[in-house]
Amino acid sequence: MRFSLLAALPVALIACSGNAPATGEGAPQAGETPPSAKPFRETVVADFVSPWAFAFLPDDRIVVTEKAGQMILLSADGKRRQTIANITVDSAGQGGLMDVVPAPDFATSKRIYFSYSTAGQGGKGVVLARGRLRGEGAGERLGEIETLFTARPFVSGDGHYSGRIAFAPDGQSLFFTNGERQKFTPAQDPQATLGKVLRLTLDGKPAPGNPLVAKGFAPEIWSYGHRNLLGIAFDAQGRLWEQEMGPKGGDELNLIMPGRNYGWPNVSNGSHYDGRDIPDHAPGDGYEPPKVWWNPVISPGGLMIYSGNLFPQWKGDAFIGGLSSQSLVRVDLDGQTARKGDQWPMGARIRDVAQGPDGAIWVIEDGGKSQGRLIRLTPR
């Protein structure tokens, strides 16, 4: 079913947080549940060098990004792979080649959207770009690469770029996350795009009808007061969910409402790394509270809302890759409410999660302090 953008309001975002220094989001933690207790079988399909994100094309092939700048096209069985692009990125710390998502009209346009971090005047920032897949067989390459949007301002440091992409259900606009770059206050700055969810046209311009323009905000801004937004996805009813890492504690799952303020750095259910307290979310404080939050943290990576039939008991639920928690996390979604579900230990940092064409659940390890395997999960 297709939805108009206005019908998709309010939108829901899952925001997650974690103990995340600039050189990597969270430290490894050991799981306790034995593999035999997991309700799925794990099949390793391929292995990569520090992968960051992956997405399925309409022909079932898989596009994978690696932190150093390689974009790889993989056959569904994992037996054939080829590098289709080498993007020049700044890969220090949490930087690198990041998200990748085929355009809604990929079948005809062959366009692929992606994000990456780069250095420039004033420091570093995250970029939204796209290219077009051209050629046949071993000669396929991503060409016609163009920059669509660049976060502002550029600042120093190597953390909290975010850079997640989600197309609106009507395919006419997209949502792009900009982290606050570990600078705190830009998340509340009405002119900075840092610490925000942005709504853009497919060409990277401010989408018409964004909710905060009349209040003097930058025209791209959809919601604000965010920290490090590493997952974003629409559910079947057109709500957008986003997850973001909190500070020391306080990873969040948020239902994003247009124009709302989610409170960072003024409120959080976590604390500063040096132990200083941050006021918790509280009724009447003027900030939108998370629907679910974690302390201890899970250090959320990617996000997927399940719509397949292989796991009918989980239809409509959110799945989150856990970095420091080395887990796959399920959240029960029910309309505009959410509650914690399962948390399965995976023995490695899970960077991203996606649904395959047949309804299988796929995860990819981050390849930093763990392997970089792409794994297919099917029912036992």
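Colleague: Are Trp314 and Trp344 buried or exposed?

Modeller: In this predicted model, both Trp314 and Trp344 are buried, a word kept for under 20% relative accessible area, with exposed meaning over 50% and partly exposed what lies in between, for a 1.4 Å probe and protein chains only. Local features here need pLDDT of at least 70 and side-chain atom pairs pLDDT 80 or more, while totals for chains, interfaces and linings use all residues. Side-chain values use heavy atoms, without hydrogens and water, and residues are numbered from 1 along each chain.

Colleague: Why is Trp294 called buried?

Modeller: Its relative accessible area is 4%, and because buried means under 20%, Trp294 counts as buried.

Colleague: What makes Trp314 and Trp344 a tilted aromatic pair?

Modeller: Rings of Phe, Tyr and Trp (its six-membered ring) pair if their centres lie within 6.5 Å, and planes under 30 degrees apart are stacked, over 60 edge-to-face, the rest tilted; 16 pairs are counted by this rule. Trp314 and Trp344 lie 5.1 Å centre to centre with 50 degrees between the planes, and the pair is therefore tilted.

Colleague: Which residues do ring pairs link into a cluster with Trp314 and Trp344?

Modeller: The cluster also holds Phe40, Tyr306, Phe311 and Phe319.

Colleague: How do you know that the charged end of Arg81 sits over the ring of Phe48?

Modeller: The rule asks for NZ of Lys or CZ of Arg within 6 Å of the ring centre and within 35 degrees of the ring normal; the charged end of Arg81 is 4.5 Å from the centre of the Phe48 ring and is listed as sitting over it.
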